[in-house]
Amino acid sequence: MTDVVIAGIGQTPVGEHWDVGLRELALAAVQAALKDAGGIKPQALFVGNMLAPNLSNQAHLGSLIADYSGLTGVEAVTFEASGASGASALRQGYLAVAGEMADAVLVVGAEKFTDTIGAEIEEAIATETDSDFEAMQGVTSAAQAALLMRRYMREYQVPANGFSNFALTAHANGEGNPNAMFRKAITAAAYEEARKLNEPLNLFDAAPKGDGAAALILTRRELLPSKAVNPPVKIAASAASTDTLALHDRKDMLFFNAAQISAGKALKRAGIALEQIHFFEYHDVFSIYAALQLEAVGFAEKGQGWKFAAEGKIGLKGKLPCATLGGMSARGYTGGASGVYQAVEAVIQIRGQAGKNQIAGAKFGLIQSLGGPASTAVSHVLQQIS
């Protein structure tokens, strides 16, 4: 199969963009990606979005963004897979280019939470759960994560501050990301004193919601323009998997089976071992998710994901740097755009453009995006081209 590369990246700062619409956010990311790619013209546009029909009263984003970006006429479609929507759009873009259905594809992830305020946001996010058996019974995504966290802490004797290093690491890394929502490190004391959202989940165990858009230009290696300034990054592999939508239908609630399957397939297709991964961008919308991903993918033993973080192994100079530019915890959770932000940040890392957050010798990066509590898991291996 021909090499599929990321030739251009673009992103907007994550935050509360009250005065900017969804289309304007997307346009800013698109323009930045097109410029970064050196003028490549996409033949298709794949959009990842989770909640625009609920929060912005806007569906049909493919046509909307194509029109607003001056790309009328190209194939354009939106993909929805909860928090893994952007990663799913990236996977479809990868498959289209690899299968030579298009020479170049523009992938955009966009989300705007501030088009709605209050409880309606939580109601919208709850649509990622099983409506009949979870959401309709009053279970929010945060409450569900808190229940998982409580169960995990009880089964594996995790102390009250056992998850603190996920937040501490992310916020320390967020200082070096100019597009992060929060760019200030936090202390262990601040974590311990933070108010509880859903016991035992505290304020720093849940990523803040933010508006934002990120974009990628994909093409085949041989089609790269000679005037390209930035080094391309290869998508070495892509894989996706699903699990039950409702948590109560799983044999083991504390193991993210879809995360294991999708990561395993991606690594096998890339032809590399887990030990060759230099950094991991996990889906830390909740700290318990990060711990369970570390275990499912194989970086930590079952029940030891929290300890892997507590021992400092996820820091920039640790055994496995994670959330290298702040992750969702500091950058902000952008819903369906999250997977595209992960890819943009991984490209920055592999290009060697991460500044003080740069990981020396970062050749292989694994990014994994989740829909709900790993009801969907999409994994990509990104690779430096020598």
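Guide: The largest nonpolar core has 72 residues, and those with the most contacts inside it are Phe-163, Ile-288, Leu-294 and Val-381. Such a core is a set of buried Ala, Val, Leu, Ile, Met, Phe, Trp, Tyr and Cys residues joined through side-chain atoms within 4.5 Å, where buried means under 20% relative accessible area with a 1.4 Å probe, protein chains only. Helix 10 gives the most to this core, with 8 residues. The model is predicted: local features need pLDDT of at least 70, side-chain atom pairs count only at pLDDT 80 or more, and totals for chains, interfaces and linings use all residues. Residues are numbered from 1 along each chain as its sequence is written, and side-chain values use heavy atoms, with hydrogens and water left out.

Leaving aside residues up to four places away in sequence, Val-381 touches (heavy atoms within 4.5 Å) several residues, including Lys-234, Ala-266, Ile-272 and Phe-364. Apart from this core lies another, of 37 residues, among them Ile-6, Leu-90, Val-107 and Ile-348.

As for the sheet, 9 strands form an open arrangement in the order 3-2-4-7-1-8-11-10-9, with mixed pairing. Strands (E, at least two residues) and helices (H or I, at least four) are DSSP runs numbered from the N terminus, and two strands pair if DSSP finds at least two bridges between them. Strand 3 (75–79) and strand 9 (279–281) each have a single partner strand, so one side of each is left without a neighbour in the sheet. Strand 2 (residues 44–48) pairs with strand 3 in the parallel sense over 5 bridges; Leu-45 has Ala-76 of strand 3 as its bridge partner.

Key: Buried means under 20% relative accessible area, exposed over 50%, partly exposed in between (1.4 Å probe, protein chains only).
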